[in-house]
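Student: I have a protein model to study, and I would like to go through it slowly. Could we look at it together, one question at a time?

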Amino acid sequence: MSISQSVSGRAFEFALLQTLHNKLDNGQKIKIKKDGQYDQIKAAYGEVGKVKSTVEYDNAAKDAVTFLIDHEPKLLEGKNLLDEIILSRQSDPHGQTGDVRDIMIQRKSQDWEIGISGKWNNESVKSPRLSSHKCFGEAWLGLPCSGKYLPRMREIFKDNKGDKRKWEDVPEEEKMNKYYRPVAKEFVRELKSLMERDKTIASKFAEYIIGKQDFYKIIGKKNQVVVEGYNFRNTLQVKPTKLPDDIMKISYLPDTGRKPAGLTIVIACNKGWQFHGRIHNKDTRVSDSESLAIEITLEGKSKYLFTHDIQVRMR
């Protein structure tokens with residue numbers, strides 16, 4: 001039985017949450033908000049445990065939390081009995097508005113918080129959709145697309161309702177020519193148009209993809225943990241991170257024929273940031289599709305981004 005990427009990620013979030021509680025429970029007042037979100041990641045941790053040992057998740061979480069405590073002194077600075085730490089897991093829809101934090105650590109009496117985005121062996125940043133019914137410009141960047149964008153997108157998907165095939169049965173060449181390339185063309189054309197209308201599109205795009213709030217990204221692996229500090233507003237105790245302010249080039253990644261399939265757009269920004277957007281389908285049947293997914297990864301990371309690698313200690 002294989003474990004999906006989403007289940008692995010949620011299981012690691014649970015390991016982080018439990019480890020935070022265990023290490024911060026040093027006499028200060030602390031609690032975990034046990035709601036539906038907590039139940040969800042706890043269930044994922046249990047699901048992984050049925051297939052294999054969760055020790056590698058726990059070990060990675062312990063080393064990551066030790067790093068956080070060493071760098072964020074407020075985690076251990078409860079001033080009095082009322083100065084409570086609340087640990088919680090945010091709901092997934094927050095990510096649709098640019099808040100990518102999964103685990104929240106809050107001291108409400110001090111109006112202080114830090115967030116964590118937990119990933120398990122996964123570099124994907126975000127996977128929104130390019131839809132024939134919703135303008136990505138307004139949803140992602142706060143700037144409406146042109147009046148031509150949605151009609152052009154609807155034209156691409158107009159015959160889908162009558163196509164009962166499964167996507168897996170559609171030849172790759174047909175997917176590419178009928179869907180992937182046309183959708184990519186409209187997305188790139190509209191993004192360039194938005195760039196001409198608003199010179200801050202580069203920073204808005206990066207904020208939507210990376211995150212609008214400061215946070216630590218913790219990428220767990222079997223023998224390694226990578227901690228990245230996205231510190232755009234200088235609220236973390238690591239060096240400041242600088243957003244791009246210019247999209248220098250938009251191009252396409254050459255097709256190597258390797259998996260995963262799809263068409264990849266390369267968005268190169270200044271200050272060392274580069275994004276790859278892989279356009280592909282995520283539905284089961286063609287008739288269900290009025291959009292395509294664009295899985296965005298951060299392929300070029302700025303020198304201004306704090307990064308720390310930890311070799312996980314076996315326990």
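Student: Which residues does Thr-54 touch, not counting residues up to four places away in sequence?

Tutor: This is a predicted model, in which local features need pLDDT of at least 70 and side-chain atom pairs count only at pLDDT 80 or more, while totals for chains, interfaces and linings use all residues. Residues are numbered from 1 along each chain as its sequence is written, and side-chain values use heavy atoms, with hydrogens and water left out. A contact means heavy atoms within 4.5 Å. With residues up to four places away in sequence not counted, Thr-54 touches Tyr-45, Val-48 and Gly-49.

Student: Is Thr-54 buried or exposed?

Tutor: Thr-54 lies in the loop between helix H2 (36–51) and helix H3 (55–71), where helices (H or I, at least four residues) and strands (E, at least two) are DSSP runs numbered from the N terminus. Buried means under 20% relative accessible area, exposed over 50%, and partly exposed in between, with a 1.4 Å probe and protein chains only. Thr-54 has 14% relative accessibility, so Thr-54 counts as buried.

Student: How many bridges pair S7 with S8?

Tutor: Two strands pair if DSSP finds at least two bridges between them. A hairpin through three residues joins S7 to S8, and Phe-215 stands opposite Tyr-230 in S8. Strand S7 (residues 215–220) runs antiparallel to S8, and the number of bridges in this pairing is six.

Student: Which strand has Gln-311, the residue opposite Gln-224?

Tutor: Strand S8 (residues 224–230) is mostly covered, with six of its seven residues buried. S8 also pairs in the antiparallel sense, over six bridges, with the strand of residues 306–311. Gln-224 stands opposite Gln-311, and the strand that has Gln-311 is S13.

Student: Why does Asn-231 count as buried?

Tutor: Asn-231 is found in the loop between S8 and strand S9 (247–252). Leaving aside neighbours within four places in sequence, Asn-231 is in contact with Asp-214, Leu-236, Val-238, Lys-239, Pro-240 and Thr-241. Asn-231 counts as buried because its relative accessibility is 0%.

Student: How far apart in space are Asn-231 and Lys-164, C-alpha to C-alpha?

Tutor: In sequence, Asn-231 and Lys-164 are 67 residues apart. Their separation in space, taken from C-alpha to C-alpha, is 47 Å.

Student: What relative accessible area does Ser-287 have?

Tutor: Ser-287 is found in the loop between strand S11 (274–280) and strand S12 (291–300). Not counting residues up to four places away in sequence, Ser-287 touches Asn-160, Lys-161, Asp-163 and Lys-164. Ser-287 is buried, with a relative accessible area of 10%.

Student: What is the radius of gyration of the protein?

Tutor: There are seven helices and 13 strands in the protein. The globule rule, which is 2.2 Å times the number of residues to the power 0.38, is set beside a radius of gyration taken over C-alpha atoms. For 315 residues the rule gives 20 Å, and the protein's own value is close to this, so the protein is as compact as a globular protein of that length, with a radius of gyration of 21 Å.

Student: What share of the contacts with a separation of 6 or more comes from residues 24 or more positions apart?

Tutor: Of the 315 residues of the protein, 52% count as buried. Among the contacts with a separation of 6 or more, the share from residues 24 or more positions apart is 66%.
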